[in-house]
Amino acid sequence: MYRTLDDGIELVADDGQARVRLLGPQRPFADDFVDFRVELQDCGLNAATGVRTIEGDGLRSWTNTLADSYAGWEGEQSWESLERDARISARHDGRGHVTLRFVIRGPRAYDEAAWKASVSVSLDAGEDIVGFAREI
């Protein structure tokens, strides 16, 4: 399930354990950069990082593609931020659900030694994914 927050959105797994928050999109400079914060929680895991994008690095069009493909697709579709500090992978189960796996890295995400954390949540392929895409 997803829900709108005052400063972003939250996705919650069916069991209520895993949570993903995409928070505070803002333009730190007078240019094309858009920054936001990603927070992951799941069974003792708490991880967060700031993500810098250029106009969202295509995140909006990627989520719209997922929403338009509610009937399903083969394999995995993914999005990654310019600096590799955030990645979202999507898999459709063919029965009306999409599993989104959020991976964040930091600091210096480009460095192979950077820490990495991930959380997966499943959403309804129709209403939830459309709402998620709309909020992005």
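Reply: Let us begin with a pair of charged side chains: Glu39 and Arg37 form a salt bridge, with 3.0 Å from N to O. The model is predicted. Arg37 is partly exposed, its relative accessibility being 40%.

Me: How many salt bridges does the count come to?

Reply: A salt bridge is assigned when a side-chain nitrogen of Lys or Arg lies within 4 Å of a carboxyl oxygen of Asp or Glu. By this rule the count comes to 10. One of them joins Arg95 and Asp93, at 3.8 Å from N to O. Arg95 is exposed, with a relative accessible area of 67%, and Asp93 is partly exposed at 33%.

Me: Which residues are linked in a network of salt bridges?

Reply: The network links Arg3, Glu10, Arg19, Arg21, Arg37 and Glu39. Within this group, Arg19 forms a salt bridge with Glu10, and their closest N and O atoms are 3.5 Å apart. Glu10 is buried, with a relative accessible area of 0%, whereas Arg19 is partly exposed at 25%.

Me: How far apart are the mean positions of the positive and negative charges of the protein chain?

Reply: The chain carries 16 positive and 25 negative charges, and their mean positions are 4 Å apart.

Me: Let us turn to the fold. In what order do the elements of the protein chain run from the N terminus on?

Reply: The secondary structure comprises two helices and nine strands. Starting at the N terminus, the order of the elements is β-β-β-β-β-α-β-β-β-β-α. The radius of gyration of the protein chain is 14 Å, close to the 14 Å given by the globule rule for 136 residues, so the chain is as compact as a globular protein of that length. Along the principal axes, the C-alpha atoms fill a box of roughly 40 × 35 × 30 Å.

Me: What share of the 136 residues is buried, and what share of the contacts joins residues 24 or more positions apart?

Reply: Buried residues account for 41% of the 136 residues. Among contacts with a separation of 6 or more, 39% are between residues 24 or more positions apart. The accessible surface of the protein chain is about 7400 Å², and carbon and sulfur atoms contribute 45% of that surface.

Me: Where is Glu55 found, and where is the place of Asp57?

Reply: Glu55 is in the loop between strand E5 (45-54) and H1. Asp57 also lies in the loop between E5 and H1. Glu55 is partly exposed, with a relative accessible area of 45%.

Definitions and conventions
Residues numbered from 1 in each chain as written. Predicted model: local features only at pLDDT ≥ 70, side-chain atom pairs only at ≥ 80, totals over all residues. Heavy atoms only, no water. Helix = DSSP H or I, 4+ residues; strand = E, 2+ residues; numbered from the N terminus. Rg over C-alpha atoms; globule rule 2.2 N^0.38 Å. Buried < 20%, exposed > 50% of the residue type's maximum accessible area, 1.4 Å probe, protein only. Contact = heavy atoms within 4.5 Å. Areas by Shrake-Rupley, 256 points an atom, 1.4 Å probe, with all protein chains shown as cover. Lys, Arg positive; Asp, Glu negative; His and termini not counted. Charge placed at Lys NZ, Arg CZ, Asp CG, Glu CD.
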